[in-house]
Amino acid sequence: PELAPKGGGRFAGVWEWDRQAMSYHHGLDIVDLLERVPGLVATRTGASGQPTGISLFGLGGGRVRVYHDGYELTPLSYGTFDLGQLSLGDLQAVRVERGLNGVRIDLTSFRLPDARPFSQLEAADGELNQRILRGLFARPLGDATHVRVTYDVSETEGRLRDEPFGATHQAVRVTR
């Protein structure tokens, strides 16, 4: 099925994707997903792998605020936070709220749906010689602790096969 966001859409200014909706996404990273929101423009300083800036209607920085599990991610060395550094396989939901004065992007990390261990593996090979491998493993340890391991690899050779790029995102989290 087509990747269609939940929420109000164009007139309400809210777009939401849950884990199931994001599983239909065929892009390399979360930036490709966010480019589906009208008005959001992704700008790279070069080919894939270069820091990516997201702006609203092509305006300057400071108009896009990114929150991950309620904490704001601040850009330390760029004008906007580089969302290309986040693993798409580690997210449970993405919510974009667009207004005339800015955009708020809320990212929610994966959470176990019940007390059983969970694992997911996704592999893809597409046009432009793109290769994607995403893995997620989560399991509870006792009653109040759980561990989560994510691994995300994206590779491409670019449009003319002369701009090779590879990114690996990995994370191990223990939550109590």
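Does Arg95 count as buried, partly exposed or exposed, and what is the relative accessibility behind that label? Select Arg95: at 27% relative accessibility, Arg95 counts as partly exposed. 

Here "buried" stands for under 20% relative accessible area, "exposed" for over 50% and "partly exposed" for anything in between, using a 1.4 Å probe and protein chains only.

Before moving on, a word on what is on your screen. This is a predicted model, in which local features need pLDDT of at least 70 and side-chain atom pairs count only at pLDDT 80 or more, while totals for chains, interfaces and linings use all residues. Residues are numbered from 1 along each chain as its sequence is written, and side-chain values use heavy atoms, with hydrogens and water left out.

**Stop 1: around Arg95**

Glu16 and Arg95 form a salt bridge, with the closest N and O atoms 2.8 Å apart; the term asks for a side-chain nitrogen of Lys or Arg within 4 Å of a carboxyl oxygen of Asp or Glu. Because Glu16 lies in strand E2 and Arg95 in strand E7, the pair ties together parts that are 79 residues apart in sequence. Helices (H or I, at least four residues) and strands (E, at least two) are DSSP runs, numbered from the N terminus. Glu16 is partly exposed, at a relative accessible area of 30%. Now show Glu97 too: Glu16, Arg95 and Glu97 are linked in a network of salt bridges.

**Stop 2: the core**

Next, select Trp17, Leu83, Val94, Val96, Ile105 and Leu107. These residues have the most contacts inside the largest nonpolar core, which has 23 residues. Such a core is a set of buried Ala, Val, Leu, Ile, Met, Phe, Trp, Tyr and Cys residues joined through side-chain atoms within 4.5 Å. Among the elements that give two or more residues to this core are strand E2 (14–18), helix H2 (30–34), strand E7 (91–98) and strand E8 (103–109). H2 gives the most, with four residues.

**Stop 3**

Pick Arg111 and Asp69, whose closest N and O atoms are 3.8 Å apart in their salt bridge. Arg111 lies in the loop between E8 and strand E9 (118–126) and Asp69 in the loop between E5 and strand E6 (71–73), so the pair ties together parts that are 42 residues apart in sequence. Asp69 is partly exposed, with a relative accessible area of 34%.

Then go to Asp152 and Arg134, a salt bridge with its closest N and O atoms 3.5 Å apart. Asp152 lies in strand E11 (residues 145–156) and Arg134 in strand E10 (residues 130–141), so this pair ties together parts that are 18 residues apart in sequence. Are these two side chains buried or exposed? Asp152 is buried, with a relative accessible area of 3%, and Arg134 counts as buried at 6% relative accessibility.

**Stop 4: the open sheet**

Switch to a cartoon view. An open sheet of four strands has the order E9-E10-E11-E12, with antiparallel pairing; two strands pair if DSSP finds at least two bridges between them. The edge strands, each pairing on one side only, are E9 and strand E12 (165–175). Zoom in on E9 and E10, which run antiparallel and are joined by nine bridges. For one example, select Ala124 and find its bridge partner, Ile132, in E10.

**Last stop: Tyr151**

Finish with Tyr151, which lies in strand E11. Tyr151 is partly exposed, with a relative accessible area of 37%.
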